[in-house]
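User: I have a structure open that I have not looked at before. Can you take a few questions on it?

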Amino acid sequence: MVQTPDSLAYPGGKTIIKNFSEDPIYSETMKDWRAHTGMDFSGAEGDEVKAAAAGAVKQIYTDDFYGATVVISHGELETLYAGLDQILVKEGDEVKAEQKIGTLGMIPSESADGTHLHFSVRRGEKWIDPATLLK
């Protein structure tokens with residue numbers, strides 16, 4: 001069983017282009033107002049994306065909204081990494097903190113924001129602000 005971390009490492013670069021917001025913010029891509037359940041970090045296609053803490057790869061999927069996505073379980077927390085290109089892990093893999101899990105690509109639902117990593121953290125069923133845990 002993976003122990004829930006007290007803090008998380010940055011999953012890529014540290015330049016934030018959009019913060020977490022439970023209040024609706026305007027999406028240039030979707031042309032509407034919506035909550036932003038994660039934090040966006042700028043980057044370039046091919047930049048490495050790293051696990052924010054040790055854990056187990058729970059899910060890997062691709063959808064029309066987030067594109068290629070990896071979800072990692074860290075005890076009571078889950079982290080979500082969206083907008084990947086190459087994925088270097090598979091479901092069930094155990095990962096170490098700051099292990100490279102993939103490379104950066106594009107996020108269909110946030111394409112107007114350029115290449116970036118959409119990083120979300122969930123405790124139970126509730127999305128929480130990643131900034132409260134990043135060190």
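User: Which residue lies over the face of Trp127?
Analyst: Arg122 does, at 4.6 Å from the ring centre. A charge sits over a ring if NZ of Lys or CZ of Arg is within 6 Å of the ring centre and within 35 degrees of the ring normal. Before going on: this is a predicted model, where local features need pLDDT of at least 70, side-chain atom pairs count only at pLDDT 80 or more, and totals for chains, interfaces and linings use all residues. Residues are numbered from 1 along each chain as its sequence is written, and side-chain values use heavy atoms, with hydrogens and water left out.

User: Ok, the core. Which residues have the most contacts inside the largest nonpolar core?
Analyst: Leu8, Val70, Ile72, Tyr81, Ile101 and Phe119, in a core of 25 residues. A nonpolar core is a set of buried Ala, Val, Leu, Ile, Met, Phe, Trp, Tyr and Cys residues joined through side-chain atoms within 4.5 Å. Buried means under 20% relative accessible area, exposed over 50%, and partly exposed in between (1.4 Å probe, protein chains only).

User: Which elements give two or more residues to this core?
Analyst: Those are β4 (39-42), β7, β8 (77-87), β10 and β11 (116-123). Strands here are DSSP runs of E, at least two residues long, and helices are runs of H or I, at least four, all numbered from the N terminus. Another core, of 5 residues, lies apart from the largest one; Tyr66, Val71, Leu80 and Ile107 are among its members.

User: Where is Leu8, and what does it touch?
Analyst: Leu8 is in the segment before β1 (16-18). At a relative accessible area of 1%, Leu8 is buried. Not counting residues up to four places away in sequence, its contacts (heavy atoms within 4.5 Å) are Ala52, Ala53, Thr79, Phe119, Val121, Leu133, Leu134 and Lys135.

User: And what does Ile101 touch?
Analyst: With residues up to four places away in sequence again not counted, Ile101 touches Val49, Lys50, Ala51, Val70, Ile72, Tyr81, Gln86, Ile87, Leu88, Val89 and Val95.

User: Rings next. How many aromatic pairs are there?
Analyst: The count is 4. Rings of Phe, Tyr and Trp (its six-membered ring) pair if their centres lie within 6.5 Å; planes under 30 degrees apart count as stacked, over 60 as edge-to-face and the rest as tilted. Tyr10 and Phe41 are edge-to-face because their planes are at 80°, with the ring centres 5.8 Å apart. That pair links distant parts of the chain, since Tyr10 is in the segment before β1 and Phe41 in strand β4, 31 residues apart. Phe41 is buried, with 1% relative accessible area.

User: Which residues do ring pairs link into a cluster?
Analyst: Tyr10, Phe41, Tyr81 and Phe119. Phe65 and Tyr66 also form an edge-to-face pair, 4.9 Å centre to centre with 80° between the planes. Phe65 is partly exposed at 31% relative accessibility, whereas Tyr66 is buried at 13%.

User: Now the strands. What joins β6 to β7?
Analyst: A hairpin, through 3 residues. β6 and β7 (residues 67-74) pair in the antiparallel sense over 7 bridges; strands pair if DSSP finds at least two bridges between them.

User: Is His36 buried or exposed?
Analyst: Buried, with a relative accessible area of 5%. His36 is in strand β3 (residues 32-36), and a polar contact of 3.5 Å joins its side chain to that of His118. A polar contact is a pair of N or O atoms within 3.5 Å; within protein, one must be able to donate a hydrogen and the other to accept it, and residues adjacent in sequence count only if both atoms are side-chain atoms.

User: Last one. Where is Glu98?
Analyst: Glu98 is in the loop between β9 and β10 (100-104). Its phi is positive, about 70°, although Glu98 is not a glycine. Most residues other than glycine have a negative phi. Glu98 is partly exposed, at 48% relative accessibility.
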